2 protein chains.
Amino acid sequence: MREGLTIGEFATVTHLSVRTLRRYHEAGLLAPKRVDPFTGYRYYATEQIPSAQVIHRLRELDVPLAEVKAIMATDDPDRRAAVVAGHLRRLEEALERTRGAVVALRRLLGPPDGELAVEVRAVPGCVVAGVRGRVELARAGAWYDGAMAELDAAFAVGGRTGPPGGQYANELFTGGTGDVVVYRPVRDPRPSGRVEVIDLPAAEFAVAVHEGPHDDIDVTYGRLGAWVVGHALAVGGSVRETYLVGPRDTGVAADWRTEIGWPVFRLSPA
Amino acid sequence: MREGLTIGEFATVTHLSVRTLRRYHEAGLLAPKRVDPFTGYRYYATEQIPSAQVIHRLRELDVPLAEVKAIMATDDPDRRAAVVAGHLRRLEEALERTRGAVVALRRLLGPPDGELAVEVRAVPGCVVAGVRGRVELARAGAWYDGAMAELDAAFAVGGRTGPPGGQYANELFTGGTGDVVVYRPVRDPRPSGRVEVIDLPAAEFAVAVHEGPHDDIDVTYGRLGAWVVGHALAVGGSVRETYLVGPRDTGVAADWRTEIGWPVFRLSPA
DNA sequence: GTGGTGTCTCCCCCGGGGGGAGGGTGCAGA
DNA sequence: TCTGCACCCTCCCCCCGGGGGAGACACCAC
């Protein structure tokens, strides 16, 4: 019986590369059973093969090494399964975004759309019920769903006075993280849970309506932006979206209608 | 009318970050319409918004910047669509591998399997018909399918004398690229197209059978490797797989049976 | 003993960004 | 016209998870 597998032998039986195994050792992810204190040679045990394979698979799922380390550190199979399940959920989200990107890409590469109807409108301030948060773009969808559900629960259908909306700081898009407000005009705004009473300030908006699923809403954003610039206006402040027809109204995404309002300033008092 | 959008304004309307726009400029991907020669300020035109959005979407699909550049360089919509379609195919493959990793992970994290039946067998050399190639691991599946189809076309069912097999260099797994031979024992081996007459050398193999889909075949590899090491043998040379029951026999992946043969040497003449 | 192969550490490279320093610009209000 | 501030510039280092290669040492069979 040998004293252990050399790194090359271990690489062969696990189908990992020698370099990768060294990296995993360095990262504290998979330490060889024994390291010769004089030569630095790494020796692995056959019992480590399954661990190496788990790591290999997790990496194939793009689980970050730090998280893999956390998973390997716990022996509790339930905890492991939970972490893995969480990652599968993230994979689903990534897949969803990929699907959305494909939809948007098809539209972008297809025949150009017709004229976009844009209107500049002064929107008075109003007091609404809403939920505030600072979210990452990748998780904005899930966050929105949760906040909207809470809002819906707090105000009965009879108390609502208009379609729901959201206000999104520009940093959310350009920086990946930003302040978001999900709100709904109601007859009697009052706080409850995460729901606050929010005072939406008055502003002048360039408004356009995006028709269809939200996957390619950026196309409408771009067209609205081009319109605004072409009309000697400057954009500034947080965007507001109003969900005239949304997922809560119909499951047919093609029928959704989203109003996009971008705060504008006149550059020259024409 | 302005002379163009500053990088910040362009970032706002395209939902890209300023840094990313600078990088795209540097990479020759999306040059601003005008760069002030004195200040270096970048000014973008509204006509560039759609291009920026296409790039954004392609990046969301993990299309490398170099490839995005190639796509943007051609105006031919057919060529663009072809490149995009090619990438969608790659995405499908990635998705397939992800699915496989999930399957393997479930098995690894589940209850441990029973004893693996391993046999050491001296396999005599034989002359077969086969296709050689140097392939990347990620594309091995597609390559295998193509080679096997050519082999099947060259030799009628009556001329085949055994199940098909493959020989895989270890570098394929540990380095990502390696020499592969797909072969089939036939009554009358003769070259045709990519098919060559191949002389498989005799060797001693540790042999185990993997049952089920190939997604988690690495698990069996690891168990076979552990057995080999535990029996004072050393692995070396290229692995041979024999597809006793494979995708060409039944669509039910759970019924597949794959024999794995790993060339071994005795370490000590016990 | 000797050669070949394996292994060690170390540094640089890749892609696709993010953070921040340090300094120059544009523009609007005073 | 000046001043302040937000914007923009370049430059460098960092992140992740690896690969390539140099130069030096270790192992092992002959």
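**A guided tour of chains A and B**

Begin by selecting Arg190(B) and Asp188(B), which form a salt bridge whose closest N and O atoms are 3.5 Å apart. Arg190(B) is partly exposed, at 39% relative accessibility, and Asp188(B) is likewise partly exposed, at 45%. The model on display is predicted.

Remain in chain B and select Arg194(B) together with Glu150(B): here the salt bridge brings the closest N and O atoms to 2.9 Å. Arg194(B) sits in the loop between β7 (177-184) and β8 (196-200), and Glu150(B) in helix α6 (residues 140-154), so the pair ties together parts of chain B that are 44 residues apart in sequence. Arg194(B) is partly exposed at 37% relative accessibility, and Glu150(B) is partly exposed at 26%.

Next, display chain A as a whole. Chain A contains eight helices and twelve strands. Its radius of gyration is 26 Å, well over the 18 Å that the globule rule gives for 270 residues, so chain A is more spread out than a compact globule. Along the principal axes, its C-alpha atoms fill a box of roughly 85 × 45 × 35 Å. Of the 270 residues in chain A, 44% are buried.

Within chain A, select Arg121(A) and Glu259(A), whose side chains meet in a salt bridge (3.3 Å, N to O). Arg121(A) belongs to strand β4 (residues 118-123) and Glu259(A) to strand β12 (residues 257-266), so placed that the pair links distant parts of the chain, 138 residues apart. Arg121(A) is partly exposed, with a relative accessible area of 27%, whereas Glu259(A) is buried, at 16%.

Now turn to the interface and select the residues in contact, 48 from chain B and 48 from chain A. Chain B and chain A bury about 4300 Å² between them, 74% of it on carbon and sulfur atoms. Highlight His15(B), Arg57(B) and Leu105(B), which supply 17% of the area that chain B buries against chain A, more than any other three residues.

Finally, colour the helices of chain B: α1 (7-14), α3 (49-60), α5 (77-109), α7 (170-175) and α8 (217-230) each supply at least two residues of the side that touches chain A. Helix α5(B) gives the most, with 13 residues. By class, this side of chain B has 28 nonpolar, twelve polar and eight charged residues.

Key
Residues are numbered from 1 along each chain as its sequence is written. Chains are lettered from A and ligands numbered from 1 in the order in which they are written. This is a predicted model: local features need pLDDT of at least 70, side-chain atom pairs count only at pLDDT 80 or more; totals for chains, interfaces and linings use all residues. Side-chain values use heavy atoms; hydrogens and water are left out. Contact means heavy atoms within 4.5 Å. Buried area is the accessible area (1.4 Å probe) that two parts lose on being put together, summed over both. Helices (H or I, at least four residues) and strands (E, at least two) are DSSP runs, numbered from the N terminus. Ala, Val, Leu, Ile, Met, Phe, Trp, Tyr, Cys and Pro count as nonpolar, Asp, Glu, Lys and Arg as charged, and the others, Gly among them, as polar. The radius of gyration is taken over C-alpha atoms; the globule rule is 2.2 Å times the number of residues to the power 0.38. Buried means under 20% relative accessible area, exposed over 50%, partly exposed in between (1.4 Å probe, protein chains only). A salt bridge is a side-chain nitrogen of Lys or Arg within 4 Å of a carboxyl oxygen of Asp or Glu.
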